[in-house]
Amino acid sequence: MRVLLVEDEKNLSSAICRMLRKDNILVDPVYTGTDGYDYALSGIYDAVILDVMLPGMDGFKVLEKLRGEGVATPVCMLTARAGLDDRVHGLNSGADYYLPKPFQMEELLACLRAITRRKDETPVMALAFGDVALNQGEAKLSCTATGQSVKLGAKEFQLMELFLRNPRQILPKDVIIERIWGYESDAEYNNLEVYVSFVRKKLTFVGSKVKIKASRGVGYSLEEEA
């Protein structure tokens with residue numbers, strides 16, 4: 001999962017980032033409403049955590065503009081403005097959840113899981129394809145045919161999750177880099193090739209017939225051997 005965090009309190013932002021990353025969630029923090037709006041337009045995020053009181057553009061305006069542009073990414077509004085009028089305003093503007101400050105980190109995680117489950121997308125059954133399955137809680141890749149499993153690193157997990165959500169589809173290298181490293185990342189194709197190699201080795205280690213196939217000059221796809 002990739003999350004955009006739009007929060008101008010940098011200490012709070014850092015704490016949320018640490019918590020999300022411990023849960024194998026990739027998070028991009030920005031600190032103004034203007035940047036939040038621009039980043040959210042990219043369409044690479046699974047969810048947005050959006051404060052209300054922001055420099056540049058307040059959270060309500062950001063949300064209204066995103067929904068006006070047809071951006072349906074789930075949004076959790078995170079704010080000290082917890083009055084009834086504010087909550088109603090946020091929900092009427094298109095928020096999926098309104099979480100008042102102060103809050104427990106566990107509640108924020110539960111909020112993210114809830115709003116991403118509601119997305120209008122093809123259901124993914126336990127993130128499995130062929131004889132492999134990804135345990136999202138433990139970040140383990142397992143083979144149902146051999147019973148073998150292996151722990152994945154953070155980038156390996158995110159890469160395998162992306163492939164499992166899009167099996168048999170050729171994913172362009174640029175798209176993969178944006179999803180895994182971020183919209184403004186300096187990561188290059190060789191970074192991607194290194195992690196594809198790591199994941200291939202782990203697929204071989206668990207004895208899976210699922211392979212990551214390279215399409216020369218285009219990208220990669222997850223395929224199942226006959």
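Biologist: Why does Arg168 count as exposed?
Modeller: Its relative accessibility is 54%, and exposed means over 50% relative accessible area, buried under 20% and partly exposed in between, with a 1.4 Å probe and protein chains only. Arg168 is therefore exposed.

Biologist: Where do these values come from?
Modeller: From a predicted model, in which local features need pLDDT of at least 70, side-chain atom pairs need pLDDT 80 or more, and totals for chains, interfaces and linings use all residues. Residues are numbered from 1 along each chain as its sequence is written, and side-chain values use heavy atoms, without hydrogens and water.

Biologist: Where does Arg168 lie, and what is its phi?
Modeller: Arg168 is in the loop between helix 6 and strand 10 (171–172); helices (H or I, at least four residues) and strands (E, at least two) are DSSP runs numbered from the N terminus. Arg168 has a positive phi of about 65 degrees, although it is not a glycine. Most residues other than glycine have a negative phi.

Biologist: How many helices and strands does the chain have?
Modeller: The chain has eight helices and twelve strands. Of its 226 residues, 46% are buried.

Biologist: How do you know how helix 6 and helix 8 are oriented to each other?
Modeller: The axes of helix 6 (residues 154–165) and helix 8 (residues 189–205) come within 10 Å and cross at roughly 80 degrees. The axes are lines fitted to C-alpha atoms over the stretch in contact, and angles run from 0 to 180 degrees between N-to-C directions. Under 35 degrees is roughly parallel, over 145 roughly antiparallel, 65 to 115 roughly perpendicular and the rest oblique. The two helices are therefore roughly perpendicular.

Biologist: Which residues make the contact?
Modeller: Contact means heavy atoms within 4.5 Å. Helix 6 supplies Lys155, Glu156, Leu159 and Met160, and helix 8 supplies Leu192, Tyr195, Val196, Phe198, Val199, Lys202 and Leu203.

Biologist: Which residues have the most contacts inside the largest nonpolar core?
Modeller: A nonpolar core is a set of buried Ala, Val, Leu, Ile, Met, Phe, Trp, Tyr and Cys residues joined through side-chain atoms within 4.5 Å. The largest has 28 residues, and those with the most contacts inside it are Leu141, Met160, Phe163, Leu164, Ile176, Ile212 and Leu222. Elements giving two or more residues to this core include helix 7 (173–181), strand 11 (210–215) and strand 12 (219–224). Helix 6 gives the largest share, six residues. A second, separate core of 22 residues includes Ile44, Val62, Val71 and Val75.
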